[in-house]
Amino acid sequence: MVWQRPSPRVRELIRQGARIVLDAPAEWLEEFDRATMAANPSVAEDPVLAEAARRSVRSSLMHWAAANVSDPGAPVPANLGPEPLSIARDMVRRGLEPFTYRPAQSVGWQIWMDTVFRLTSDADELRELFEVSFRSISEFLDATSDGIAARMRQEREELLRGTHAERREVTALILDGAPISRSRAESRLGYALNRSHTGAVIWCDEPDGDLGRLDQLADALGRAAGFARPLTVTAAAASRWVWIPDATLDIEPVERAVEGAPGTRIAIGTAAVGIDGFRRTHLEALTAQRMVAGLRSAQRVAFFAEVQLIALISQNPQAANDFIKNVLGDFESASPELQHTVLTFINEQCSIGRTTKRLYAHRNTLLRRLDRAQQLLPRPLEHSSVHVAVALEALQWRGGPTT
């Protein structure tokens, strides 16, 4: 079908609307995020895929708007930039269904209609503008989806060859509980399964960064556990799944390894035995990763054993925030020093002597701080110490003032 350019007046209206879209407010982008995650649950469950999806949707939104500022009403070429190709590759690597932009299209069309109605009320202009816009958006997304699919077909053979793809396939079977024999899995992985494992998830919040640091951190994690060659699986461009056998991990060498790989984060499960343990420790690491991402925490290292309780209460971030506010009251905004003092006091079983030794503080200094905390807390500390400790731990992982 021949593309017919709209009238000069409608072209100018499209240009004005596209400029508004380029300056999209945060609430518009949040609507796109909600619709995208609701329609792609397998993406929403993985923080790395979720972030890649957000980038892809926003990239396509800006691509369409910029094209219509430059040449309003003209066909918009497919968006085959790094963001949409990245999420497509990650979905292929995971063996997931292709990422769909249709929910974002529905949200975008509603926002576009609201925008246009603010620009004109002329019935003829609106009719022509909507006809052109609907065709433009639909054909742009079709062209983008078709272009990505063609690119993925070209790359698929390469993606499905080699040891990385084989590891992904075998680990997926194990994690899904599929009937694969231990001997066959071990021969294909080059990794023994009849022993203790500690699983980890390593990821990067900035997919445009140096992703080689992910592999460097995986190797450093293995060395920290005294095992030179951990099992590493490329789960996505910005994510690695790692298993270390017979590992006893201390937090200090892990933190040093993370410091040596800027921009990376790591979540670590507990040690578990056999194929079931291989699966369980990995799921624990994923839970810790999702907690860090869900709370938008600045922390870079998360041991499941240390955050299990926080992970439970933070499954609903708003409920976690309400819990913190209800338990801490004005103490939520107290100084980091004061919060750290109270948390140490509770962890030392409310012993003045042990707390002063841990903090290298004078007894009178500690008593003054505790008295100040009692003034800020909504309930006496002796009646709420467990809840206060949990709230302070959650506040720390949420990125609050506690250090």
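**Reading spaces, strands and cores**

Q: How many cavities of 30 Å³ or more does the structure hold?
A: The structure holds one such cavity. The general idea: rolling a probe the size of a water molecule over the atoms shows where empty space is left. On a 1 Å grid over the protein atoms alone, a cavity is a set of points where a 1.4 Å probe fits but cannot get out; lining residues have an atom within 4 Å of a point. Points join across faces, edges and corners, and the volume is the space filled by probe spheres set on them. Here the largest cavity comes to about 280 Å³. Keep in mind that this is a predicted model, where local features need pLDDT of at least 70 and side-chain atom pairs pLDDT 80 or more, while totals for chains, interfaces and linings use all residues. Numbering starts from 1 along each chain as its sequence is written, and side-chain values use heavy atoms, without hydrogens or water.

Q: Which residues lie nearest the centre of the largest cavity?
A: Look for Phe32, Leu61, Ala104, Gly108 and Ile137, part of a lining of 17 residues. Helices H2 (26-39) and H4 (47-70), along with H6 (102-119) and H7 (123-159), each supply at least two of the lining residues; helices (H or I, at least four residues) and strands (E, at least two) are DSSP runs, numbered from the N terminus. H6 gives the largest share, six residues. By class, the lining has 14 nonpolar, three polar and no charged residues; Ala, Val, Leu, Ile, Met, Phe, Trp, Tyr, Cys and Pro count as nonpolar, Asp, Glu, Lys and Arg as charged, the rest, with Gly, as polar.

Q: And what is the volume of the largest pocket?
A: About 1300 Å³. A pocket is an open set of points with protein on both sides within 12 Å along at least five of seven lines. Of the 44 residues lining the largest pocket, Pro47, Ala50, Glu51, Arg54 and Ala293 lie nearest its centre. H4 gives the most to this lining, with eight residues. There are 20 nonpolar, six polar and 18 charged residues around the largest pocket.

Q: How do I read strand S1: are its faces covered or uncovered?
A: In a regular strand the side chains alternate between the two faces of the sheet. In S1 (residues 196-204), nine of nine residues are buried (under 20% relative accessible area; exposed is over 50%, partly exposed in between, 1.4 Å probe, protein chains only). One side holds Ser196, Thr198, Ala200, Ile202 and Cys204, the other His197, Gly199, Val201 and Trp203, and both faces are covered.

Q: Which strands pair with S1, and over how many bridges?
A: Strands pair when DSSP finds at least two bridges between them. S1 runs antiparallel to S3 (residues 239-245), with seven bridges, and Trp203 stands opposite Ser239 there. Five bridges link S1 to S4 (residues 264-268), again antiparallel, with Ile202 partnering Ile266.

Q: Which residues have the most contacts inside the largest nonpolar core?
A: In soluble globular proteins, nonpolar side chains tend to be buried together. A nonpolar core is a set of buried Ala, Val, Leu, Ile, Met, Phe, Trp, Tyr and Cys residues joined through side-chain atoms within 4.5 Å. In the largest, with 57 residues, Leu328, Phe331, Val342 and Val388 have the most contacts. Helix H18 (residues 381-398) gives the most to this core, nine residues. A second, separate core has 44 residues, including Val10 and Trp64.
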